[in-house]
Amino acid sequence: MLKSAVLRLATLAVVLLLLLSRTGAQRLRDPSKRMAAAPPKAHAKGQCCEDVRALKVQVANLTSLLEELTRKQDTVVRQMIDLDHQNRQQEARVTEAESKYSEINNRVEIMQLQAAQSVTQTSSDAIYDCASLYSRNYKISGEYKLPADEFLGTPDLEVFCDMDTNGGGWTVIQRRKVGLTSFDRDWKQYRKGFGAIRGDFWLGNDNIFRLTRQPTVLRIELEDWEGETRYAEYQYFTLSNELNSYKLFIANYSGNAGQDSLRYHNNTNFSTKNKDNDKCVDDCAQLRKGGYWYNCCTDSNLNGVYYRYGEHTRNSDGITWYGWHGPNYSLKRVEMKIRPQNFQP
């Protein structure tokens, strides 16, 4: 508003200056007017020049003031831009903090557990798996850290606990749901485990062997690309040690996943692409592109290739469960999870 007023005043002054200049020029060009006004001419001309000089001074002052106001306005605009940028950054930080709040809130009990684990425990207090966590009232599904097993000489272990499904207490040993992690791995990788505990992963044959020293239940959950779900449950599940190639033993199938598609793999050794332990002339791990308890070769292939949208008629190396969708349909999601037989919700 101030800038507009100054501009109007400056414009008026310039117009007035032009009019005065034009009037003086006309008088100089008209001889009759010069003769008629001869006596007071010097005084009038001197007065006109003084007026012009005064107006020029005013215009110069106004121009200087205008330039100063313009500089101040530019400074204010830059400050406003900086403040707006800082405000946007602050809003982004607040949004990020709010998005993490619920996760942090849900992990409070988990952090309390980890603090408790630093205290020396008796054998009766030892935490072996997610079921033992559940029995100590840790009932939030999520990531937990199991302490080292001094008897087996194994380090602490990050696990994902399902504390909701069918009573809870499940330790997840395998998950396929994203498709970005290849399961076509070698023996060493399957022994140690790989993947992301919140995404697709294999917990590791050594770790699964550690967790199945006691009588264990295995639950397999399946989902197809139409959103339908099935499950298979085995009341007995265990693995041998590495010396015996992590041989699989299962029994007592139940569930709604159709024909038992893991029975064919019972009492078979684990195979990978660089360690062929199957019962077939063919190298099943190479053909099915995963690590698994291959027979000759499969009725299921839960560690196969992640094909999207189900059908993969060219090959039989997808994530398959023959008792539900047959050999040429790759499932969308699979989870394998275990808990002790004596678990009580």
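pLDDT is the predictor's confidence in each residue, from 0 to 100. This is a predicted model, and its chain averages a pLDDT of 82, with 75% of the residues scoring at least 70.

**Exercise 1.** Find where pLDDT stays under 50.

*Solution.* Start with residues 31-38: pLDDT stays under 50 there, and the model has 4 contacts beyond four places in sequence for them. Next, go to residues 117-124, where pLDDT also stays under 50 and the model has 8 such contacts. Where pLDDT is low, the predicted coordinates should not be read in detail.

**Exercise 2.** Decide whether C280 and C296, joined by a disulfide, are buried or partly exposed.

*Solution.* First, locate the bond: the sulfur atoms of C280 and C296 are 2.2 Å apart. C280 sits in the loop between β8 and α8, while C296 lies 16 residues away in the loop between α8 and β9. Now apply the cut-off: buried means under 20% relative accessible area. C280 has 17% relative accessibility, so C280 counts as buried. C296 has a relative accessible area of 36%, so C296 is partly exposed.

**Exercise 3.** Describe the largest cavity by its volume and lining.

*Solution.* Begin with the space, which is about 40 Å³. Then list the lining: D129, T171, L211, Q214, T216, I338, R339 and P340. Sort these residues by class to get 3 nonpolar, 3 polar and 2 charged. Finally, look for the main contributor: strand β11 (residues 333-340) gives the largest share of the lining, 3 residues.

Definitions and conventions
Residues numbered from 1 in each chain as written. Predicted model: local features only at pLDDT ≥ 70, side-chain atom pairs only at ≥ 80, totals over all residues. Heavy atoms only, no water. Contact = heavy atoms within 4.5 Å. 1 Å grid on protein atoms, 1.4 Å probe; cavity = no way out; pocket = protein on both sides within 12 Å on 5 of 7 lines; lining within 4 Å. Points joined across faces, edges and corners; volume = space filled by probe spheres on them. Helix = DSSP H or I, 4+ residues; strand = E, 2+ residues; numbered from the N terminus. Nonpolar A, V, L, I, M, F, W, Y, C, P; charged D, E, K, R; others polar. Disulfide = S-S within 2.5 Å. Buried < 20%, exposed > 50% of the residue type's maximum accessible area, 1.4 Å probe, protein only.
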